[in-house]
Amino acid sequence: MPQPKILITGGNGQVGFELRRQLVLHGQLLAPCRQQLDLANADAVAAYLEAEQPDLIINAAAYTAVDKAETDQAQATRLNAELPAQLADYCQPYDKRLVHYSSDYVYPGTGTSPWREDDTTGPQNIYGHSKLQGDLAVQSSGCSHLVFRTSWVYAARGNNFMKTMLHLGKDRTELSVVNDQIGAPTPARLIAQVTSLALERQLANGVYHLAPRGTTSWQQFAQAIFDQARALGQELAVQQVKGIPSCEYPTPAARPLNSRMSLSKLEQALGAELPHWQQQLQLTLEEFFA
Ligand SMILES: NC(=O)C1=CN([C@@H]2O[C@H](COP(=O)(O)OP(=O)(O)OC[C@H]3O[C@@H](n4cnc5c(N)ncnc54)[C@H](O)[C@@H]3O)[C@@H](O)[C@H]2O)C=CC1
């Protein structure tokens, strides 16, 4: 039997890279790099799909520069809104499946309760708006789809908060980190593992929150990174991680304060409990220092 062709977009990003490791046994993986396929070019994408005819598409590509998106709306919209819609339009007539990743930034960030997948959305910045457009376009396209809304993605590879903190903590004795944004740091590897399981178990079409259990602030996350890195034998200069409110760390794009997401829909669908963020941090640090 011929193996299914699986197109992974953004294969060199945090999530895309882990998907390429995780899905090797699922089929023939196609993961064109940006030089081979510029996803900002709709004609090039259409020609690529026509030529390759993938059976399954996993869209891990995105415009993820949240602050830059405020002044680069056209590119953010192309990658985060128009590309997923184009991929969904390709999949729909053939009943091919599309897996797409969305964000906690689609929610308004108010209150303290965990968001549920059917809560009213209300993005606070351009990136969030563009992600919501893509998320809704996939849902309304009529194609077979899984949309995973995830949060605070990090990995042993790529640019992310964990690596920035380890870099700063080597030389600086004191750091100030915001303590009023609450969410769940999600390793790219967990996202790839859950994607793999969701495909195997043929999860029903829909939107699912995908994050580890438990929530934290960026300050507590930074502290946990330093504590666990020390427990793994790393020498660091940092002595104090001072908590500051978001208003003392202004950024071009507003950040939601409440990124708590209910995980029960995904846990029920998978019949499995998601692991805790602290345990996932340890695994990611172990990989980083290996
Ligand atoms: N990084 C985070 O903290 C969060 C990410 N997400 C979502 O998770 C998904 C995966 O994110 P990450 O892996 O962290 O992103 P990433 O920034 O590590 O990777 C994005 C990938 O898209 C590719 N890409 C961007 N523009 C391209 C173009 N014009 N042509 C070809 N390739 C292009 C990049 O080369 C890169 O490989 C995205 O949908 C993102 O919006 C959701 C919540 C938080």
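Here are some friendly notes on the model shown above.

1. **Basis.** This is a predicted model, in which local features need pLDDT of at least 70 and side-chain atom pairs count only at pLDDT 80 or more, while totals for chains, interfaces and linings use all residues. Residues are numbered from 1 along each chain as its sequence is written.

2. **The annotated span.** An unreviewed UniProt entry places the feature "domain: RmlD-like substrate binding" at residues 5–288. UniProt positions are given here in the numbering used for the model, feature names are shortened, and annotations may be inferred rather than shown by experiment. Residues 5–288 are 39% helix and 17% strand, and the end C-alpha atoms of the span lie 31 Å apart. Helices (H or I, at least four residues) and strands (E, at least two) are DSSP runs, numbered from the N terminus.

3. **Around the ligand.** You will find 25 residues surrounding the ligand, the closest being G10, G13, Q14, A62 and V153. By class, the shell has 12 nonpolar, 10 polar and 3 charged residues. Here Ala, Val, Leu, Ile, Met, Phe, Trp, Tyr, Cys and Pro count as nonpolar, Asp, Glu, Lys and Arg as charged, and the others, Gly among them, as polar.

4. **A helix pair.** Do have a look at α5 (residues 161–171) and α7 (residues 218–231), which pack at an angle of about 65° with their axes 10 Å apart. The axes are lines fitted to C-alpha atoms over the stretch in contact, and angles run from 0 to 180 degrees between N-to-C directions. The crossing of α5 and α7 is right-handed, that is, the near helix is turned clockwise from the far one by less than a right angle. M162, M165, L166 and G169 of α5 meet A222, I225, F226 and A229 of α7, contact being C-beta atoms, placed from the backbone, within 7 Å. This contact has 7 nonpolar, 1 polar and no charged residues.

5. **Positive phi at D95.** D95 is not a glycine, yet its phi is positive, near 60°. D95 belongs to the loop between α3 (73–91) and β4 (97–103). D95 is exposed, with 9 other C-beta atoms within 10 Å; the cut-off for exposed is 12 or fewer such atoms, placed from the backbone.

6. **Positive phi at Q202.** Q202, also not a glycine, has a positive phi of about 50°. The loop between α6 (188–200) and β10 (206–209) holds Q202. Q202 is exposed, with 9 other C-beta atoms within 10 Å.

How values were computed: A residue is buried if 20 or more other C-beta atoms lie within 10 Å of its own, exposed if 12 or fewer, and partly exposed in between; C-beta atoms are placed from the backbone. A residue is near a molecule or strand if its C-beta atom, placed from the backbone, lies within 6 Å of it. Two residues are in contact if their C-beta atoms, placed from the backbone, lie within 7 Å.
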